[in-house]
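Open the model in your viewer and keep the selection panel at hand. Each stop below says what to select and what is there.

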Amino acid sequence: MSFLLGLASLFYTVMEITGIITAIIAVRETRTPQGAVAWAISLVTFPIFSLPLYWIFGRSKFHGYVDAMRTGRAEFQRRIDKHHHVPPVTPLSERLSPHSPHTVFETLAESPFLGGNDMELLVNGPATFKAIFAAIEQAERYVLIQFYIVRDDDLGKELGELLLRKVRQGVSIRFLYDELGSYSTPAAYWETLRAAGIEAFPFHTTRGPGNRFQLNFRNHRKIVVVDGHTAFIGGHNVGTEYLGGKDNGYGGWRDTHARISGPAVLPIQVCFGKDWYWATSEIPDLDLTMPAKRGTAEVLALPTGPVDTLENCSIMFIQAIASAKKRFWIASPYFVPDTSVMKALQMASMRGVDVRIMLPRKPDHMLVYLAGFACLKELSRPGIRVFRYDDGFLHQKVFLADDTLAGVGTANLDNRSFRLNFEITMLIEDQDFCKSIEAMFLDDFHHCVETGLDEYDKKNILHQTIIRFARLLSPIL
């Protein structure tokens, strides 16, 4: 018995010392003071419980990616030499309007808005996958595909059969998927693709020093690029539920994608190329010449993620909200923003901006859904209107600022998208495209129930208590 007590004492001493060391690391690396204090106290006080949680969920920086890009940059430059048209960002001192929202967006993206693009708004799954499959069918040289979730269901099989047919025609295909998002996809699905010559790889979110035990990070991007001139980005993953059937468990599915054809596809390819290099340590052979102009839209591809020096995703939302003079409408499946985005929404309301937030009425992740009630209460501005979508699950990630700026992409209004996920958002300046976004929103509002910021107050005490506990967990939701 004394031996067991001594062993237990030694074990706890080691855990306590490890907890103290990890607490110091947490204080140094956690982005917010509140998070640093919470982790430090729990690691020192309850090391047996908090140490595994920190190793799995505690990190907010993805280690190794930036170093890998730095290593690959020399080889990348050697390969492309002068045979590329990746445009630089205009220096601040040379800008005619340095206070324009363009300055912030372009600085974050390290790429400028590019004109001459043709845009198509793709509402819901059938339209989205019909357009994607048609574009892949027309591919002559290569196809780049990246999804968070890929299921081996009817839609996944249809995509796989199309890719197998194209690779037999001599089209090069590279396929990236998130191994956590696609954890249920059988290995046989990927093995079939690889056996036919398709290069299919997981993103490897647990690869690299410091990432081995982390389950916090996801590559949440959804990208398809065909022959370097046409791309698709939005909220859809590969799964039959995204087709919106009434029997999918949610009574439908509301989502949005966009097709981009023209110069803005170039930086999307660069984004894919970086992720591919991280996953494979190989630089893909891509056509980095500037695609021909096909329309009039000005578009910026803005990738964000846990490798950013700044919190680029939340800054993007803050700048978009700050740029609005008449209205800011946004749809997101999750609403757990940080305080800076909350304040931006409050200030927009104070300026008289028509602020509308569209959220799902039916949840798919209960904790995130519950935490959102507390966040809405914290907004506490009567001018902010809240709509709950009631015709299936709302999964689109879209915003509209005035009549001039639209955003379509993969980023949600939550901590995971702001700090932990690799995301990409297309910022579009085009009156016709913004009108189509406006029409889509107006149609969606007809399928909503307007509730308000007082949803929390209408809950009973038990429900409110659960909501508050869910709010405490928001940094890792």
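Select F175, Y177, Y189 and W190: together they form one aromatic cluster. Rings of Phe, Tyr and Trp (its six-membered ring) pair if their centres lie within 6.5 Å; planes under 30 degrees apart count as stacked, over 60 as edge-to-face and the rest as tilted. The count by this rule is 19 aromatic pairs. Now keep F175 and W190. Their ring centres are 5.3 Å apart and their planes stand at 90°, so this pair is edge-to-face. F175 belongs to strand 3 (residues 172–177) and W190 to helix 8 (residues 187–195), 15 residues apart. Both F175 and W190 are buried (under 20% relative accessible area, with exposed over 50% and partly exposed in between; 1.4 Å probe, protein chains only).

This is a predicted model: local features need pLDDT of at least 70, side-chain atom pairs count only at pLDDT 80 or more, and totals for chains, interfaces and linings use all residues. Residues are numbered from 1 along each chain as its sequence is written, and side-chain values use heavy atoms, leaving out hydrogens and water.

Next, select R327 and W329. R327 lies over the face of W329, 4.6 Å from the ring centre. Such a charge has NZ of Lys or CZ of Arg within 6 Å of the ring centre and within 35 degrees of the ring normal. Then move to R388 and F373. The charged end of R388 sits over the ring of F373, at 4.9 Å from its centre.

Finally, show the whole protein. Of its 477 residues, 56% count as buried.

Technical notes:
Helices (H or I, at least four residues) and strands (E, at least two) are DSSP runs, numbered from the N terminus.
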